[in-house]
Amino acid sequence: MTEQLKIGFIGTGVMGKSIVKHLLKAGHEVSVYTRTKEKAEELLTLGARWVSKPSEAASSVQYLFTMVGYPHDVEEVYFGEEGIFSIENKGLTVIDLTTSTPTLAKKIDNRAKELEMQSLDAPVSGGDIGAQLGKLSIMCGGERETFDSSLPVLKLFGETILHEGTAGAGQHTKMCNQITIASNMIGVCEALTYGKKAGLELEQVLRAISTGAAGSWSLSNLAPRMIKGDLEPGFFIKHFVKDMKIALEETERMNLTLPGLELAKSLYDQLISDGYEDKGTQALIKLYE
C-alpha cells in the first residue's frame, strides 16, 4: 500500500502486538490502547502512538481494530462511557478481531450504521505464529463493500481472508474453526500418548503422520511443543474455553448436540481447575501424562 493510513488498535496482547508490527512496517500511523501500558512499550519504541482510552483510539483514524479477551471486554470497548461509539467519526471502519458472539457482532454493526460508520466482525485463526508471520486466516462478517475496501489493510497480516456473509457470519465461522480444533487437540494428545507408550520416537512419528491424512495445524505446530514440554501460549486456555462456551451456547439455540465439543470443554475445564488457564492450549497433554 502506498497511501499512509491512520489506524487505531485496541488490545496489544500476544497476537495483537504482532499485528500492529505489520501495520507499522507497512508505513501506517498507528495509535494503540491497552489496559496495561507496559504491554505496549515495545510498539511505542517502534513508532506507535499511545492513547489513554478507547474513544481516543477511534478519533481521527480511518480504521480501528479491536482484539481483546472476552465478549464483555468487546462490549465495554465499543459501548462503554469512553468507548468507541461515544465519539463522532463518520466513515470510520471498525473491525473486531476478537473471537466473540455473533449476537454482539450484529449489535456493533447496527450501532455503527446508526453512527454512519462501517463494521466487520473478523475473528482470526493461526495463533502467535500466524500473527508473527502475517499469515492469519481472517473470517469476515459484514457488508461486502466494507470487506472489499478493508481487504488491503487485512492483507498486511492475513493470508486467507474470506467474506462469510452478513454481520455475525465471521463469528459463526470462527466457531466452526474452534469446534474443529477442540476435538483435534484430543486426537493429537492421544496419538502422542499412544506413540510414547509404544516406545516410538515421537519426532519421527510426527514426520510420518503430519503430511498424511492426519495432518493438521495443531499436529504440525503444537505437537512439537507438547513433546518439548513447552506450555507457553500461543493461545491461552482461558480464551479457548471462552470460545467453546460461546459455541455451546450457539448449539443450544440451534438445538444441536456436539459431543466432541462437550468432551473437549470438560477436559479444558479440568485444566483450568488445575491452574493452567494462562498456558497454551497444547497443555492438554498434561491430562495424559
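Which helix gives the largest share of the lining of the second largest pocket? The structure examined here is a predicted model, in which local features require pLDDT of at least 70 and side-chain atom pairs count only at pLDDT 80 or more, while totals for chains, interfaces and linings use all residues. Residues are numbered from 1 along each chain as its sequence is written, and side-chain values use heavy atoms, with hydrogens and water left out.

The largest share of the lining of the second largest pocket comes from H8, with 3 residues. On a 1 Å grid over the protein atoms alone, a pocket is an open set of points with protein on both sides within 12 Å along at least five of seven lines, a cavity is a set of points where a 1.4 Å probe fits but cannot get out, and lining residues have an atom within 4 Å of a point. The second largest pocket holds about 180 Å³ of space, a volume being the space filled by probe spheres set on grid points that are joined across faces, edges and corners. Its lining consists of Leu192, Thr193, Lys196, Leu202, Met226, Ile227, Ile285, Tyr288 and Glu289. Two or more of these residues come from each of helix H8 (169–197) and helix H11 (223–228); helices (H or I, at least four residues) and strands (E, at least two) are DSSP runs numbered from the N terminus. By class, the lining comprises 6 nonpolar, 1 polar and 2 charged residues, where Ala, Val, Leu, Ile, Met, Phe, Trp, Tyr, Cys and Pro count as nonpolar, Asp, Glu, Lys and Arg as charged, and the others, Gly among them, as polar. The lining residue Glu289 also forms a salt bridge with Lys286 (3.2 Å, N to O), a salt bridge being a side-chain nitrogen of Lys or Arg within 4 Å of a carboxyl oxygen of Asp or Glu. Glu289 is exposed, at 61% relative accessible area, whereas Lys286 is partly exposed at 32%; buried denotes under 20%, exposed over 50% and partly exposed in between (1.4 Å probe, protein chains only).

One cavity of 30 Å³ or more was found in the whole structure. About 60 Å³ of space lies in this largest cavity, and the residues that line it are Tyr78, Asp96, Ala105, Ile108, Asp109, Ser119, Leu120, Asp121 and Gln171. Helix H5 (102–114) and strand E6 (118–121) are the elements that contribute two or more residues to this lining, which contains 4 nonpolar, 2 polar and 3 charged residues. The loop between H5 and E6 holds Glu116, a residue with a positive phi of about 60° although it is not a glycine. Glu116 is partly exposed, with a relative accessible area of 46%.

In total, 18 salt bridges were identified. Asp128 and Arg225 form one of them, with their closest N and O atoms 3.3 Å apart. Because Asp128 lies in helix H6 (residues 127–133) and Arg225 in helix H11, the pair ties together parts that are 97 residues apart in sequence. Both partners are buried, Asp128 at 10% relative accessible area and Arg225 at 13%. A salt bridge also joins Asp243 and Lys242 (2.8 Å, N to O), and both of these residues are buried. Lys17, Lys21 and Glu42 are linked in a network of salt bridges.

The search for aromatic pairs returned 7, the criterion being ring centres of Phe, Tyr and Trp (its six-membered ring) within 6.5 Å, with planes under 30 degrees apart counted as stacked, over 60 as edge-to-face and the rest as tilted. Phe235 and Phe240 form an edge-to-face pair, at 6.1 Å centre to centre and 65° between the planes. Phe240 is buried at 1% relative accessibility, whereas Phe235 is partly exposed at 24%. Ring pairs also link Phe9, Phe65 and Phe157 into a cluster. A charge is taken to sit over a ring if NZ of Lys or CZ of Arg is within 6 Å of the ring centre and within 35 degrees of the ring normal. The charged end of Lys107 sits over the ring of Phe79, 4.7 Å from its centre, and that of Lys238 over the ring of Phe236, 5.2 Å from its centre.

Backbone features were also examined. The peptide bond from Pro233 to Gly234 is cis, with omega near 15°, and Gly234 is located in the loop between H11 and helix H12 (237–254).
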